[in-house]
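This briefing is for a reader meeting the structure for the first time. Please look over the sequence and the model before turning to the notes below.

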Amino acid sequence: MIMGLELINWLKDGKYRIKVLGILSKRSLLSSELAQELGINRASMSRILKTMKMNGVITSTTSNSRTVTYSITRKGKDLLSRLK
């Protein structure tokens, strides 16, 4: 897990990471919905979400229908506000 300033730099380094945080700060979404909104394929979106989740800036919730919804964490919100 990346911490502090290194985490901010990591967020800035990815083309979609800050955009994902911005979208998820408004509402929780499925990975397919995020991919569609950003205009990228689902495999790329899954890789982005996996690393973001590992770094604690987003979280996921699995429903009964096995769909996974992603949302921003407190840490993600704090970082997003620091980046603005």
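Predicted model: local features only at pLDDT ≥ 70, side-chain atom pairs only at ≥ 80, totals over all residues.

Helix α4 covers residues 42–54, and its buried residues pack against α1, α2, α3, β2 and β3. Three strands form an open sheet in the order β1-β3-β2, with antiparallel pairing.

- Helix α4 has 13 residues and reaches 18 Å from its first C-alpha to its last, which is close to the 18 Å expected at 1.5 Å a residue.
- The buried residues of this helix are Met-45, Ile-48, Leu-49 and Met-52; seen down the axis of α4, they fall within an arc of 95°, so they line one face of the helix.
- On the face of α4 turned away from that buried side are the exposed residues Arg-47, Lys-50 and Met-54.
- The partners against which the buried residues of α4 pack are the helices α1 (4–13), α2 (17–24) and α3 (31–38), together with the strands β2 (58–62) and β3 (68–72).
- The N-terminal end of α4 is capped by Asn-41, which has a side-chain oxygen 3.2 Å from the backbone nitrogen of Ala-43.
- Following α4 comes Gly-56, a residue whose phi is positive, near 75°.

**The nonpolar core**

- The largest nonpolar core holds 25 residues, and the ones that touch the most other members are Val-20, Leu-21, Leu-24, Met-45, Met-52 and Ile-58.
- Two or more residues of this core come from each of the elements α1, α2, α3, α4, β3 and α5 (74–83).
- Leu-24, when its neighbours within four places in sequence are left aside, is in contact with Leu-29, Leu-34, Ile-58, Tyr-70, Ser-71 and Ile-72.

- Arg-66 lies in the loop between β2 and β3, within a hairpin that has five residues between its strands.
- Most residues other than glycine have a negative phi, whereas Arg-66, although it is not a glycine, has a positive phi of about 70°.
- Arg-66 is also exposed, since its relative accessible area of 74% is over the 50% that the term requires.
- Thr-73 is found in the loop between β3 and α5, and this residue is buried, because its relative accessible area of 17% is under the cut-off of 20%.
- With its neighbours within four places in sequence left aside, Thr-73 is in contact with Gly-56, Val-57, Ile-58 and Thr-59; among them, Gly-56 is the residue with positive phi that follows α4.

Methods:
Residues numbered from 1 in each chain as written. Heavy atoms only, no water. Helix = DSSP H or I, 4+ residues; strand = E, 2+ residues; numbered from the N terminus. Expected span 1.5 Å × (residues − 1). Buried < 20%, exposed > 50% of the residue type's maximum accessible area, 1.4 Å probe, protein only. Arc of directions from axis to C-beta. Contact = heavy atoms within 4.5 Å. Polar contact = N/O pair within 3.5 Å; in protein donor to acceptor, adjacent residues only side chain to side chain. Core = buried A, V, L, I, M, F, W, Y, C linked by side-chain atoms within 4.5 Å. Pairing = 2+ DSSP bridges.
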